[in-house]
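Subject: Handing over the structure

Hi,

Here is the structure I promised to pass on. Have a look at it first, and then read on for what turned up.

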Amino acid sequence: NLEQVVGGSLLEPELSEDGSIQPPAEASHMNAVTAGLAGLIAVGESLEVTTGNLDAAVWTSADGREWTRVVDEPGVLGDAASPFGDQSEQVISDVVASPHGVVAVGTDGVLSDHDAAIWMSEDGLTWQRVAHDAAVFGGEGDQTIKAVAQLDGQLIAVGESAQRATVWMSYDGMQWAKAEVSDTYSGQ
């Protein structure tokens, strides 16, 4: 049902055979959408209610009317690709189509230790996790990427690292570096 997907939740409570209300097994949210080669690509996260496991999630649509969740067989969007291991949380906050492919950004971590995370795809259907570089994506405190854009083939991602405004840049989507950001206000 498209209304359930667009509304953010894929599963509503169901009635069991005895008439009791059963909670959904999964809750999903979409955070951003972009247009790619194969149509629309939406990103977000999915919570498996019974285990508490939170994994990044991707959906695709040719026309915006019908959406299909991308199957994550190798676990690239989930724990299998996480440097934090089992029961880590992956969330994709934004996505952009670029000359290098589709780039999704977000966070990965456990409890109060989260690092920035980036995923790449040529078509929005098959994803790979950009290799975790602790010097770029990690550090003291939490790191998270909130948004990503591309300008003239260069990718710019913004977010925070240890509660400080942070910018990451890439020319190919696979190799990233932090940019200089001044927190000094230069108002008139």
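A definition to begin with: two strands count as paired if DSSP finds at least two bridges between them. With that in hand, take Val158, which stands opposite Val167 in strand 13. Strand 12 covers residues 154-161 and strand 13 covers residues 164-170; the two run antiparallel and are joined by 7 bridges.

Please keep in mind that this is a predicted model.

That pair of strands belongs to an open sheet of 4 strands, in the order 11-12-13-14, with antiparallel pairing. Which strands stand at the edges? They are strand 11 (143-151) and strand 14 (177-178); each has a single partner strand, so one side of each has no neighbour in the sheet.

Now for the chain as a whole. The protein chain has 188 residues, and 41% of them are buried. Its secondary structure comprises 2 helices and 14 strands. If you look at contacts with a separation of 6 or more, 39% of them are between residues 24 or more positions apart. The chain exposes about 10,400 Å², of which carbon and sulfur atoms supply 52%.

How many salt bridges does the structure hold? The count is 1, and the side chains that meet in it are those of Arg129 and Asp108, at 3.0 Å from N to O. The pair links distant parts of the chain, since Arg129 sits in strand 10 (residues 127-129) and Asp108 in strand 8, 21 residues apart. Are these two residues buried or exposed? Both Arg129 and Asp108 are buried.

Thr107 is also worth a look. This residue lies in strand 8, which spans residues 101-110. Thr107 has a relative accessible area of 13%, and because buried means under 20%, Thr107 counts as buried. A polar atom of the Thr107 side chain lies 3.2 Å from the backbone oxygen of Asp115. Leaving aside residues up to four places away in sequence, Thr107 touches Glu89, Gln90, Val91, His114, Asp115, Ala117, Trp119, Gln143 and Thr144.

Best wishes

Key
Residues are numbered from 1 along each chain as its sequence is written. This is a predicted model: local features need pLDDT of at least 70, side-chain atom pairs count only at pLDDT 80 or more; totals for chains, interfaces and linings use all residues. Side-chain values use heavy atoms; hydrogens and water are left out. Buried means under 20% relative accessible area, exposed over 50%, partly exposed in between (1.4 Å probe, protein chains only). Contact means heavy atoms within 4.5 Å. Accessible areas come from the Shrake-Rupley method with a 1.4 Å probe; for residues, only the protein chains shown count as cover. A polar contact is a pair of N or O atoms within 3.5 Å; within protein, one must be able to donate a hydrogen and the other to accept it, and residues adjacent in sequence count only if both atoms are side-chain atoms. A salt bridge is a side-chain nitrogen of Lys or Arg within 4 Å of a carboxyl oxygen of Asp or Glu.
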